[in-house]
Amino acid sequence: MANNAALDSRQSAPDWSGCEIKSDCATRAKANYPAAAESIARSDDLIPRTVTSFFCADRVRNAIMPFGNTHNNFKMNFSSDEEFPDLTKHNNHMAKVLTKEMYAKLRDKQTPSGYTLDDVIQTGVDNPGHPFIMTVGCVAGDEETYEVFKDLLDPIISDRHSGYKATDKHRTDLNFENLKGGDLDPEYVLSSRVRTGRSIKGYTLPPHNSRGERRAVEDLSVQALASLDGEFKGKYYPLKSMTDKEQEQLIEDHFLFDKPVSPLLIAAGMARDWPDGRGIWHNEDKTFLVWVNEEDHLRVISMQKGGNMKEVFRRFCVGLQKIEEIFKKNNHGFMWNEHLGYVLTCPSNLGTGLRGGVHVKLPKLSTHAKFEEILTRLRLQKRGTGGVDTASVGGIFDISNTDRLGSSEVEQVQAVVDGVKLMVEMEKKLEKGESIDSMIPAQK
Amino acid sequence: MPFGNTHNQLKMNYSAEQEYPDLSKHNNHMAKVLTQEMYESLRDKETPSGFTLDDVIQTGVDNPGHPFIMTVGCVAGDEETYEVFKDMLDPIIEDRHGGYKPTDKHKTDLNPDNLQGGDDLDPDYVLSSRVRTGRSIRGFCLPPHCSRGERRGIEKLSIESLSALEGDLNGKYYALKDMTDEEQQQLIDDHFLFDKPVSPLLLASGMGRDWPDGRGIWHNDNKTFLVWVNEEDHLRVISMQKGGNMKEVFHRFCTGLTQIESLFKDKGHEFMWNEHLGYVLTCPSNLGTGLRGGVHVKLPNLSKHEKFGEVLKRLRLQKRGTGGVDTAAVGGVFDISNADRLGFSEVELVQMVVDGVKLLVEMEKHLEKGQSIDDLMPDHK
């Protein structure tokens, strides 16, 4: 069934001339892979794939891009038309952008770790739309996804992130002192929270990673977190060895993340091997929390009851930077670049990956005709108190920043702080039967 | 063959131990068989279409166990899976199929005239009779692995072939993605419609991808012969009707299946079959005949009898709820079907159902009259 045309179109043979250890490789290969040994010794252009196991792996891997993803190459037997997904009933960012022409152009590509176009879009094909939110419909399997598939992802990023251009630069600002104000009325603001995600360079992402990679990410994380002290001293609870008691406590604290049930996540392959390699770390005060290997390598969360967002953000910035230092020391920085900021699994979380928000009582404002308009102008969004896929209960809303990319962490949390302050003022006015017309903000 | 599976190669950077799944809490056939040593020896292999060991076992890793049944915990992505990964699949097949050895040969017998009796199961007890099997089309990858292009290719071939059936088998195809609400409701009322898989067993193995693209249901005008396209297998072929006339159900089953097979052959496509494994299907549990022949039968007294389980076992039958494999029984009505798939022919398996159910109904009648069933106990088949 192999497509001979595909075989013939491989790149020319890699150059062995710079390799000082070729004979060593051949010797090592001989023991287990005699055919490979001969091949290396002859400097054939037929590079045996088993060679990637040896220590020149990086150089060889770069040379062996002619190695396809067998399954992806198999699909080349079918025309682009035959393989193009039916997106007629779909309403997500991917479906808006992916034309047949684009599919034809990108379908034979893959990232160095073997992630293909169909892998990127599978979740969007399987999930035509969502009742509450406009979903992205694609995920990254590794850092290079955003480069190899930029023709698809750049327009999606632009559409999702308010016109962010392929040439734009993103700013990172994790200096909590730059936040002004941030101590909100606890009568209305029940809790405050800031979360972000981080990906560890050199590993593939949750839709794609193997058990070995996931466990390595877990090991690194556990080591890094174990070295935190002071207000950040804490403990790691791996999901697979959690006791019933620990589990109940974590549920009560609203810390426990469960096996994904969202079809968006499942279709992207993020639930594989559950609960292997997953866990939750939190500090003793229960105000700083890290999820390992859920939707991203790390999700970092700072939270507390009441409205002191300033404190929450301080702890967030300090903790995050301590963690980053430790990872850097072990030669594993976070995925970041000056165009996309922090690189995460879902394109919607690029940039800061930051969602800062509050649970706030707005029973009157939320039923006001202008509620949505106000949120839009403040660059805020509402969710139910159960998180992204839920509806609100009892007039209490989760209000958070809409933006992720193109503005800094400080700017985004500032938008939350200023916006929520205003909305609480409006709520109070409405309680007294007064109009809020004069308070409607201009578009930020 | 120098084409590697890039992602699988990347995993070779990690040791077998680092990649080996944690199966300590697992109870399925795969977990019983897959040692770290076996994982190590198979992990760098792949089939010609790129299906790897991790692909085969993913469903078993993600689903540690099932409350009602001992699951297989692995699937095939193509015909070659059973060859490339035979070191793991042969012991699983042996364990699942009553000791079937790698050297054993399987017999196929789709001659309905060879079935004795079966036309007289008491319709006061036997509410409905049904025979199903699956078929895979050689040259295409299987549902866990196939691309949209392949799946559509299978659908197209199936529609063409089925549209050539005539007489009692004249029928119509309903593509899942174009179905009107009315058509959908009718198919639900007829108990024909298959839904997007919700079973985590199927989802974890990738069979829900691209739903409902390329999936559909064909049935004859009489609603007694039905083909599912691209659900868990390329084709599922079902013959069914109310009442206890299993002979007629089986006759239609064999005739229809044979006609479909020859229509596919006319187009240059045969079914996956070999003399060791019989018909090759997605789940190793369906190898051989892929046949499940059964009835919905009222056994309120017998089902509460302490020997019920033992009787079924001796008759080589199994019970399920009336909703199918993942359900429990309702109102004393059970789905009773053959337990075997491989190592027995189609005729032999349906014969067991016919003979076994006849006996079970006798027993039920005895118990109704307050009589003992001790002297009715069968020997082990």
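Rings of Phe, Tyr and Trp, taking the six-membered ring for Trp, count as a pair if their centres lie within 6.5 Å. With that in mind, welcome to these close-ups of a predicted model, in which a search of the whole structure turns up 15 aromatic pairs over all chains.

**View 1. A:Phe257 meets A:Trp291 in a tilted pair.** The ring centres lie 5.1 Å apart with the planes at 45°, so the pair is tilted. This pair links distant parts of the chain, 34 residues apart: A:Phe257 belongs to the loop between α13 (244-252) and α14 (263-267) of chain A, and A:Trp291 to strand β4 (residues 288-292) of chain A. A:Phe257 is buried, at 4% relative accessibility. A:Trp291 also counts as buried because its relative accessible area is 14%, and the cut-off is under 20%.

**View 2. A:Phe371 and A:Phe397 pair edge-to-face.** Here the rings are 5.6 Å centre to centre, with 70° between the planes. Helix α16 (residues 371-378) of chain A supplies A:Phe371, while strand β10 (residues 396-401) of chain A supplies A:Phe397; the two are 26 residues apart. Both A:Phe371 and A:Phe397 are buried.

**View 3. Ring pairs build a cluster in chain A.** Its members are A:Phe232, A:Trp281 and A:Phe288.

**View 4. Charged ends sit over rings in chain A and chain B.** In chain A, look for the charged end of A:Arg198 over the ring of A:Tyr342, 3.4 Å from the ring centre. In chain B, the charged end of B:Arg135 lies over the ring of B:Tyr279, 3.4 Å from its centre.

Notes. Residues numbered from 1 in each chain as written. Chains lettered and ligands numbered in written order. Predicted model: local features only at pLDDT ≥ 70, side-chain atom pairs only at ≥ 80, totals over all residues. Heavy atoms only, no water. Phe/Tyr/Trp six-rings, centres within 6.5 Å; stacked < 30°, edge-to-face > 60°. Helix = DSSP H or I, 4+ residues; strand = E, 2+ residues; numbered from the N terminus. Buried < 20%, exposed > 50% of the residue type's maximum accessible area, 1.4 Å probe, protein only. Lys NZ or Arg CZ within 6 Å of the ring centre and 35° of its normal.
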